[in-house]
Amino acid sequence: MADGDTRAEVLERLTRAGERGVLRFITCGSVDDGKSTLIGRLLFDSKLLFEDQIRILENESKKHGTAGDEIDFALLLDGLEAEREQGITIDVAYRFFNTEKRKFITADTPGHEQYTRNMATGASTADLAIILVDARKGVLPQTRRHTYIANMMGIRHAVLAVNKMDLVEHSRARFHEIVSDYMTIAENLGFATITPVPMSARYGDNIFQRSDAMKWYDGPTLMEHLERVDTATEEEKAFAFRFPVQWVNRPNLDFRGFAGTIAAGTVKPGDEVRVAHSGKTALISRIVTADQDLDEASAGDAVTLMLDREIDIARGDMLVDAKSPPEVSSQFAAELLWMTDEEMLPGRSYLLKAGGQVTPVSVTTLKHKLNINTFEKEPGKSLKLNEIGVCTLNTSNPIAFDPYTDQRETGSFILVDRFTNQTVAAGMIEFSLRRASNVHTHAMDVDKARRSELKGQKPAVLWFTGLSGAGKSTIANLVERKLAEAGRHTYSLDGDNVRHGLNRDLGFTDSDRVENIRRIGEVAKLMVDAGLIVTCSFISPFRSERQMVRELVGEGEFIEVFVDAPLEVCMQRDPKGLYKKAQAGEIKNFTGFDSPYEAPEHAELHLETGEMSAEQAAEQVIQRLIDNKLIG
């Protein structure tokens, strides 16, 4: 902050509105390209630092700085102690500043590959990306990765900030060489503008002021460009009304409103809106805020909408322009950025969250992966940490969406692990699959209840899970025999038997195991619909897939039976000789030996078969069916 500036003077400047509104931008690039230093310099040169802040920064620079006796501006952003000690950025740091012409919100994102997920988080709400390149090192793989992710996240304006020009003697030739290399990879990605700027963030060259050392550069300074760039397209300004409902507000019998933030478009009292899922329509009667009713509201406004009549609306629904509704589908293609160490497996069930919409989802197909170095499409079966791919997804319930390239707010989603609640992927919807709108459920006169009544029993899935050799198939066979002797209608699905037919094309990799259980789950669901009691004997090593099968059938129709025998006991029994082959290296990915088994945490029945006979275990299963009133 300039000498003599007071807090009051700074606060007065902050209240002056910029003529072009708020610009949200990120800084990204490879490690140590100067991202944090650049934002620190922007804050310093915009004269928004108080004198006490500058004193603290000077002291911190002596303790942790990398700029010798000078101020290390990066320390303004590196707030975590780990960041300061290592001299890197780990988390996303947001800062606000303004000039006479505009207000800015900037996100300093980490450069390390392992923190790519953090960079994607910062990019998801940005209008512009400043992609830094160290003039000494040139374009690096992480430069390519961040450029692609910025474009993937919907950023349409990029600044190529060739930093540390002072370390290459402000070479014009080096600058143009880097620009040429960068344009080779970025010009076909779809950015509306790419603006190269040579600079030195440490010394402030071409940030606010033009550099005397680079008089050959006749383009705008960084701040000149940021102040005048127009990021809103005419299509975005005119986009149809979208309002994800976050809360149904009903404090009394006379008030029923729908609260949320407008994602796109504008709305006025009297406008006709539609509930995207049901198609029911109504007119807007009031636009309510904490202060007063509004005559009009637009994208970004947090409001409560009231309608002229009662229609069924709940959290997760979307109110939309009645004449321009979004797509509503359960199957669509999307680009995924995988954000966790545990790889993505097609067929595994996750939770999809899009606005207020939450539904189980599975990735049905990985169409291709992206080679981040060449941007070429490559085949693959799964996605690993920081990998990007185009997939098809299938949700349990249809969701309302617009393609991400048309509307970022309603075209994006995250995937969440159902057991750890960890965000595992960020997704951008490309288009709905045609088959989703052409396939319909046909109502049948004879349903599950009628079939069950004819058989005189309640249908159920008895899911026997455990290690090989624990006794699953033996116990399931005894249970089915006892049920048949009692006149019950049953069917048995066994892990080995189905691999002779339905699943003969599957191996034993994690992805094949997931698909194996997905297919069996669908077959078991059909048999329950037929009114049968189905015994299923499968190692089924993953909790996610067992939970997926549970959710395919009705409440109380899935009974998980954990057939639990110690690994040592299973290896001693080894009825098929599989453990011996695994020890000899003849079998790979054998569960319990070199592939994990996730034991049930809340099984309906726990059979410790190292301490009981198969007959005793089968009797316990039958008794559980009687206790649950599934059989008499």
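1. Two strands count as paired if DSSP finds at least two bridges between them. Helices (H or I, at least four residues) and strands (E, at least two) are DSSP runs, numbered from the N terminus. Five strands form an open sheet in the order β24-β25-β23-β26-β27, with parallel pairing. β24 (490-494) and β27 (605-608) are the edges; each has a single partner strand, so one side of each lacks a neighbour in the sheet. Neighbouring strands here are turned by 15° against each other on average, direction ignored. Axes are lines fitted to C-alpha atoms, for helices over the stretch in contact, and angles run from 0 to 180 degrees between N-to-C directions.

2. On the basis of the numbers: this is a predicted model, where local features need pLDDT of at least 70 and side-chain atom pairs count only at pLDDT 80 or more, while totals for chains, interfaces and linings use all residues. Residues are numbered from 1 along each chain as its sequence is written, and side-chain values use heavy atoms, leaving out hydrogens and water.

3. β24 pairs with β25 (residues 533-537) in the parallel sense, over five bridges. Tyrosine 491 stands opposite valine 534 in β25.

4. A helix covers part of this sheet. Helix α19 (residues 614-627) lies across β23 (460-465), β26 (558-564) and β27. It runs at about 170° to β27. Contact means heavy atoms within 4.5 Å.

5. Now the antiparallel sheet. Seven strands form an open sheet in the order β7-β15-β11-β12-β14-β9-β8. Its edge strands are β7 and β8 (247-252), each pairing on one side only. Neighbouring strands are turned by 40° against each other on average, direction ignored.

6. Follow β15 (residues 318-321). It pairs with β7 (residues 242-244) in the antiparallel sense over three bridges. Phenylalanine 243 has leucine 319 as its bridge partner. β15 also pairs antiparallel with β11 (residues 272-275), over three bridges. There, arginine 274 is partnered by valine 320.

7. Continue to β12 (residues 281-288). Three bridges join it to β11, and the two run antiparallel. Glutamate 272 stands opposite leucine 283.

8. Check proline 269, in the loop between β10 (266-267) and β11. Beyond neighbours within four places in sequence, proline 269 contacts Ile284, Ser285, Ile287, Leu294 and Asp295. Leucine 307 is 38 residues away in sequence and 9.0 Å away in space, C-alpha to C-alpha.
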